[in-house]
Amino acid sequence: MSNDGSGSAPKGRGELRDQPHRTVRRTTADRAALRSAAFLTAGALAIPLLASCSSDDPAGKPLAAQDIAPAARELVEDGGTLRWAVDDVPETLNAFQSDADAATNRIAQAVLPSMYRMDANGRPVRNADYLESAKVVDTEPKQVVVYKLNQQAVWSDGREIGAADFAAQWRALSGKDSAYWTARNAGYDRIEKIERGANDLEVKVTFARPYADWQSLFSPLYPKDVMGTPDSFNDGARRKLKVTAGPFALKKVDRKNDQVTLARNPRWWGRPAKLSEIDLMSVPRDKRADALAAGTIDLAEIDPSAAQRIALADRARSGTNTPLQGASPLMGSVGGGRVAAKSLRSWALAHGTDEDAADEEVRALAEQRRKIATLRKRQETLRGFVVRKSLEPAFTQLALNGSEGPLADERVRRAVARALDRQALAEAVLKPLGLPAVPVGSHLALSGQEDYADNSGAIGGQDTAEAQALLADAGWVPGGPVKEQKKGEKAAGSKGKKSDDESEGGDDGTYIVGEDNKGEGADGKDTKDHEKKHEHKGEDGSKHLADGKQYGEKHLKQGGAPGAYAPKGTAAPGGAAAAQLAKDGKPLTLRFVLPSGPGSETLRTVADRIGRMLARVGIRTDIVKVSDDSYFKDHIAAGQYDLALYSWPASAFPATDARPIYAKPVPAADGSLDVEQNYTRVGTDQVDQLFDQAMATLDDDESRDLIRKADSRIWAAAGSIPLYQRPQLTAAKKDVVNAGAFGFQTPVYEDMGFLKKGAKPSASASSAG
């Protein structure tokens, strides 16, 4: 980050993600649960010395480029409506409220000012449409930032964007007035005052305390009409935005038809939007392939199975006539149309079939032809789409609940980390999709971002012997006496009551990975008995996470499954399970909670692989499937799990955005523990101090070094293990340009559109022309 105004982004890491990608904003939220004591023993890995960054920048480049079919503006048609799938029509249009979601953000990006946006490398850049410059002009006695606004920047009612809007947003989000129902106030709580500068185009912001991430503020910026009073903030902007200032304006929120319409803003002073309208259409993840085939949407994030359907349709020959299962053998011997039906009826009657049966054969033939025609039409429609691929600016992690049970012992958490082959997990998810299969090396940034460095060496790579040594040091030994468990009693994992939605026992909801060595051969292939034992029916997915207490009732109902896209039928890694470990009469079994809704089948593939990796060091995993509605609210946020998979987005401002995720739980006023967003309940004073120091320094290099040190300490504590960057697959009509798999970059809405006939996408950036 630089202090000359060259970069910031909208809220980056203020979201919790999972598969399918439903987005939930993080808040400065509920603190709970005890952190376990750290056991630094001879068996634990020592934290390496952490020096300042070397001359070689470890940030590197993004692992995958964005894939948006870039086209210069002169090649894009003027007009048209882009039908873009979203998970839901948002409950609120106020991005600073707790139940804001991905659709809220998408609308805000298109219709509201943002002082900064994310570039293709995941780094913040000044948004010139609103901001001519922004820089720190004083640091002593206090930090002062002066924003110089674009003189053409006006709200849709004709009023200039200015200091009054900045001040209203600061007051609403500062946390000083509890009448404002805000989701977060990070950064705004450090502002002392906001004033008009030398003229109407200048805004002077004075900070009470130094704030390195000042560029994260005022993105998006709402008008003073929204932020000026608690009533207008809490209710006025939930269902409508009367005043906007972007390339598009909010035309209509149609909840009856599950659609939001954005129309070209006639008062927009920048490059005119190419599209006349953008229709954000609510289409569930598991229905998007059918919607694409029906031709009702033009652009949609999809899962691998939908991508496979598009690929198969593209390879299919239009002349192929594939009879449907159960069709009469007579149907394959006749031609088409009425002549075929008449011939079939005559043939059936001549061979002794009565008239009713012959008529039934004719009706069956007609139904088969209708189905084949529909299939061909859908295949033809799907051939008009292309799958654009990149990596999402988010990573999937294995979370280890350190508040109780075996994982309260740091040595056991470290053993879990050392048992994992993160490279194999990344390959299982990303390699079949043709995406770079590189494990994520940081909790706080992704490859290409300024703060990224691979600090996984603080815990070490896969090492079975080291994992077993850590477990032995913690007192877990093979073949130890095991007391018979009472019915309903957990093994050594997290306790907590069984929720009403949780499946009861056996193949319906729970099975133990690694309990039976016969289940997996030495070559890593499952036996038929093992496959049969672990077969589960009627479960094909999950929805996005929501923070039960803070994220609103809508998200409590949504539940959530974290992002994993492992292909079906992937063989388990080799290596036989080790003997069961036990301590104090209890076996070492960890409760691995997974959702059971649409998409969870691929998620379970990743979980099964992890379970088998842990079984090789003597740790058994009790895989429990729960409903999507309950997954996050009743298990992750409530701490009723040992192991879980969910995802966090990357941020250009980790000192601000990531601190609540890794903050050490502290006692709250009511006697409970406040965990903020640290759902693993693992934290240290040192990590908190490093975040605080990084947030307060205005020296870019020093701040970056502090962030990387904090990440090393987070790795060493082994509360969460980053696995892989999430795949981003987007289906787009072949003539849709400057849109698709955006990767890190904030979409440029005014450049999206449909390619002119005869034109070809250019190699230049979408902003060209």
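Q: Which residues have the most contacts inside the largest nonpolar core?
A: This is a predicted model, in which local features need pLDDT of at least 70 and side-chain atom pairs count only at pLDDT 80 or more, while totals for chains, interfaces and linings use all residues. Residues are numbered from 1 along each chain as its sequence is written, and side-chain values use heavy atoms, with hydrogens and water left out. A nonpolar core is a set of buried (under 20% relative accessible area, 1.4 Å probe, protein chains only) Ala, Val, Leu, Ile, Met, Phe, Trp, Tyr and Cys residues joined through side-chain atoms within 4.5 Å. The largest has 107 residues, and those with the most contacts inside it are Tyr147, Phe218, Leu262 and Tyr662.

Q: Which helix gives the largest share of this core?
A: The protein has 20 helices and 26 strands, which are DSSP runs (helices H or I, at least four residues; strands E, at least two) numbered from the N terminus. Seven residues of the core, its largest share, come from helix 2.

Q: Within what arc do the buried residues of helix 11 fall?
A: Helix 11 spans residues 464–473, and Ala467, Leu470 and Leu471 are buried there. Seen down the helix axis, the buried residues line one face because their directions (from the axis to the C-beta atoms) fall within an arc of 100°.

Q: Which elements are included in what covers these buried residues of helix 11?
A: The cover is judged by contact, meaning heavy atoms within 4.5 Å. It includes helix 9 (410–419) and strand 17 (581–583).

Q: Which residue in strand 7 stands opposite Val136?
A: Strand 6 (residues 131–138) and strand 7 (residues 144–149) run antiparallel and are joined by six bridges; two strands pair if DSSP finds at least two bridges between them. A hairpin of five residues joins strand 6 to strand 7. Opposite Val136 stands Val145.

Q: Is Glu301 buried or exposed?
A: Glu301 belongs to strand 13 (residues 299–301). Its side chain makes a polar contact of 3.4 Å with the side chain of Arg285; such a contact is a pair of N or O atoms within 3.5 Å, where within protein one must be able to donate a hydrogen and the other to accept it, and residues adjacent in sequence count only if both atoms are side-chain atoms. Because its relative accessibility is 17%, Glu301 counts as buried.

Note on methods:
Buried < 20%, exposed > 50% of the residue type's maximum accessible area, 1.4 Å probe, protein only.
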